[in-house]
Amino acid sequence: MSKLTIGILCGLAFGALAAGSMIPMSFPDKRTAITAAFLNRFSIGLVIGASELPFAPWLNGMMLGLLLSLPAAIITKAWAPILILGTIGGVVIGYVVGIR
């Protein structure tokens, strides 16, 4: 299986996990919030799978997970949960993509 395919599958799983964890929460526009969270986390997997950075795979994932999580953290001001989960998810996806 290609790195891109693995990244897409990991992104789908990470996005579903993020969206699922938001279901019990209350938001003014819940559908938009859950869709945005899914797409943000899915994009982490997609970009990690498509990237060819010259570092260890887990480090690539960490950097991309953090970078792609920053806009959502800035907008929502929920810095810790968004950045920590995005970075951890990026590390895990980077590792999984790297062992293919």
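Analyst: Happy to! A pocket here is an open set of grid points where a 1.4 Å probe fits, with protein on both sides within 12 Å along at least five of seven lines. Please keep in mind that this is a predicted model.

With that in hand, the largest pocket holds about 690 Å³ of space. Its lining is made up of 22 residues, and those closest to the pocket centre are Met22, Ala33, Ala37, Arg41 and Ile82. By residue class, the lining has 17 nonpolar, 4 polar and 1 charged.

The axes of H1 and H4 lie 10 Å apart, at an angle of about 145°, and H1 passes H4 in a right-handed crossing. On the H1 side the contact is made by Lys3, Ile6, Gly7, Cys10 and Phe14, while H4 brings Leu85, Gly86, Gly89, Ile93, Val96 and Val97. Sorted by class, the residues of this contact come to 7 nonpolar, 3 polar and 1 charged.

The structure holds 1 aromatic pair, formed by Phe38 and Phe42, whose rings are stacked at 6.2 Å centre to centre with 5° between the planes. Because these two phenylalanines, Phe38 and Phe42, sit 4 residues apart in helix H2, about one helical turn separates them.

Key
Residues numbered from 1 in each chain as written. Predicted model: local features only at pLDDT ≥ 70, side-chain atom pairs only at ≥ 80, totals over all residues. Heavy atoms only, no water. 1 Å grid on protein atoms, 1.4 Å probe; cavity = no way out; pocket = protein on both sides within 12 Å on 5 of 7 lines; lining within 4 Å. Points joined across faces, edges and corners; volume = space filled by probe spheres on them. Nonpolar A, V, L, I, M, F, W, Y, C, P; charged D, E, K, R; others polar. Axes fitted to C-alpha atoms, helices over the stretch in contact; angles between N-to-C directions. Left-handed = near helix turned anticlockwise from the far one by under 90°. Contact = heavy atoms within 4.5 Å. Phe/Tyr/Trp six-rings, centres within 6.5 Å; stacked < 30°, edge-to-face > 60°.
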